[in-house]
Amino acid sequence: MNVIEIKNLTKFYGKARGIKDVSFNVEEGEIFGFIGPNGAGKSTTIRTLLSLIYPTSGSATIFGKDCIKFSPEIKKEIGYLPSEVFYYDNMKVMDLLNYSASFYKKDCTQRIQELAKRLNLDLTKKIDDLSLGNKKKVGIVQGLLHSPKLIILDEPTSGLDPLMQQIFFDLLEEENKKGATILFSSHILSEVQRLCDRVAIIKDGQIIKVEKISTLQENTYKKFKIQCASKVDKKHFDMVGVNDLEENDNVISFIFKGDINTIMKKIAEIEITNLWVVEPDLEEIFMHYYEKEE
Amino acid sequence: MNMFLQELKTYRKSTIIWTASLIGILITVFAMFPSFAKEAEEFKKLLEGFPEVVRNAIGLQVDTMGSILGYYSYIFTYVVLCGAIQAMNLGTSLLSREVREKTADFLLTKPVTRIEVITSKLLAALTSLVITNIVYLTSAYIVATIIKTDDFSGKVFLMISITLFFIQLIFLALGMVLSVLLKRIKSVLPLSLGTVFGFFIAGMLASTTGDDKLRYLTPFKYFDTSYIMQNAAYEGTYIIIGLIFVLGAISATYYIYSKKDIQAL
């Protein structure tokens with residue numbers, strides 16, 4: 001069963017593009033990644049699902065019901081965490097969470113305590129006095145306190161330190177095991193890879209691909225930067241899987257896709273003084289993979 | 001109900017401050033009445049020295065200034081000005097506050113309709129205004145009774161005072177519809193002060209020129225205190241115009257807000 005079905009969803013802000021012909025489904029019980037560079041249309045899609053904005057054309061259903069028409073009903077079972085959280089400043093954390101809980105017709109007190117303890121969040125503080133990371137925690141508790149069936153997260157990890165991020169991901173996985181479906185938007189590939197079953201990739205307002213994370217992982221890219229002891233001909237690295245090869249003084253850089261062992265052997269053949277291997281950001285992957293495919 | 005209470009709490013402080021200011025203005029100026037009444041004749045002569053245009057503009061009616069109702073209706077102009085700012089502020093910030101403080105995402109992703117959101121906010125604003133008016137009216141009446149030199153008609157006093165609420169309704173509705181029409185309101189106070197003073201000055205002009213058409217344009221002139229004093233009645237036309245405006249503006253607010261895109265942060 002599909003929890004979310006999006007059909008040809010299009011949104012223009014006046015003449016400016018929001019999203020164009022976006023279609024994909026999220027199945028019940030999966031963690032679905034929604035990934036793309038900033039400004040690609042992730043938030044626009046999510047905000048339309050939540051009927052914060054209205055589509056220019058196309059439609060979407062959640063739990064089989066139109067997301068605009070049955071919006072209040074659907075939202076009873078949705079937990080939403082926006083990328084930036086701002087809450088009524090003059091409230092205490094507990095007041096805000098109670099206010100949030102008052103919209104759902106169930107007792108959430110225990111769940112609030114539980115979540116706050118896990119996240120190490122002080123409920124007695126004023127929201128005004130909280131750091132960005134702590135405000136984010138308020139957002140997380142607020143999004144999960146009513147045990148929603150669908151959790152929608154719009155770039156949720158910004159501002160969380162790695163330890164908290166881990167706890168947060170654990171929480172999401174627990175919710176998922178209990179049956180919650182999760183739509184997780186991000187521009188960081190690694191966090192989507194870590195958590196999601198399937199992923200939709202959006203660029204310039206259009207869905208480029210919907211695929212399984214396992215497929216995506218076969219196409220892992222690494223960005224290499226090598227500082228050599230002496231001048232090395234860059235032709236040394238001219239081989240299959242190497243892209244964007246550049247040489248600058250004694251520094252050689254390229255993007256590599258393929259068996260990591262072959263490239264390591266190649267590097268071992270020369271004298272190096274320093275080496276950086278990083279995950280390329282999405283933009284780079286798009287440039288070297290998706291654009292070529294089209 | 002939860003939204004209504006939350007809103008009420010949000011505006012509690014400002015309601016208290018505005019109510020206190022209204023009463024403050026009233027008491028300060030009322031306190032001068034006994035000495036004013038004693039030498040009313042002298043004052044009248046002095047005031048008659050002012051050009052008529054000026055007297056009209058600031059709402060001075062020399063003949064009635066000596067009576068408590070006449071004196072009250074003069075102060076009342078400024079009480080209404082202050083009250084209009086309160087209402088306009090309230091109306092403008094009700095919905096725009098959520099956008100400015102970026103809490104719209106929080107509220108509108110809850111299982112509520114936008115209609116319910118507006119209704120709760122509107123009711124909270126009305127409650128706040130009603131409280132202001134009840135407190136104001138009670139204290140004004142008490143002060144008037146204490147300082148009166150002659151008996152005065154309680155009914156007329158009430159009729160004049162309650163126009164504060166009517167005018168506040170008009171500005172509340174105006175503020176609300178403006179807040180959904182304008183794309184983003186960075187700061188409420190300049191907008192509401194500007195609008196209210198604009199209408200107030202238009203009202204002064206209307207008085208100096210005696211132009212009836214101008215009267216239609218400014219809510220401050222919908223309730224002519226000297227007319228109320230003479231006839232113990234309101235002018236029907238203006239009541240209807242006011243009512244149509246309030247209903248129209250509020251319906252427009254509901255309609256526009258329900259269709260509006262809530263922009264990303």
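I started with the secondary structure of chain A: 10 helices and 14 strands. Both are DSSP runs, counted from the N terminus; a helix is H or I over at least four residues, a strand is E over at least two.

I noted the conventions next. Residues are numbered from 1 along each chain as its sequence is written, and chains are lettered from A and ligands numbered from 1 in the order in which they are written. This is a predicted model, where local features need pLDDT of at least 70 and side-chain atom pairs count only at pLDDT 80 or more, while totals for chains, interfaces and linings use all residues.

I then looked up the overall extent. Along the principal axes, the C-alpha atoms of chain A fill a box of roughly 70 × 45 × 35 Å. I found two domains listed for chain A: domain 1 (2-217) and domain 2 (221-293). Their bounds come from an automatic or database domain assignment. The C-alpha centres of domain 1 and domain 2 of chain A lie 36 Å apart.

I checked burial. Chain A has 294 residues, and 39% of them count as buried (20 or more other C-beta atoms within 10 Å of the residue's own, with C-beta atoms placed from the backbone).

I turned to contacts (C-beta atoms, placed from the backbone, within 7 Å). In chain A, of the contacts between residues at least 6 apart in sequence, 70% join residues at least 24 apart.

Last, I looked at the partner chain. Here 19 residues of chain A are in contact with 17 residues of chain B. On the chain A side, α1 (42-49) and α2 (71-75) each supply at least two residues. α2(A) gives the most, with 3 residues.

Note on methods
Buried ≥ 20, exposed ≤ 12 C-beta atoms within 10 Å, placed from the backbone. Contact = placed C-beta atoms within 7 Å.
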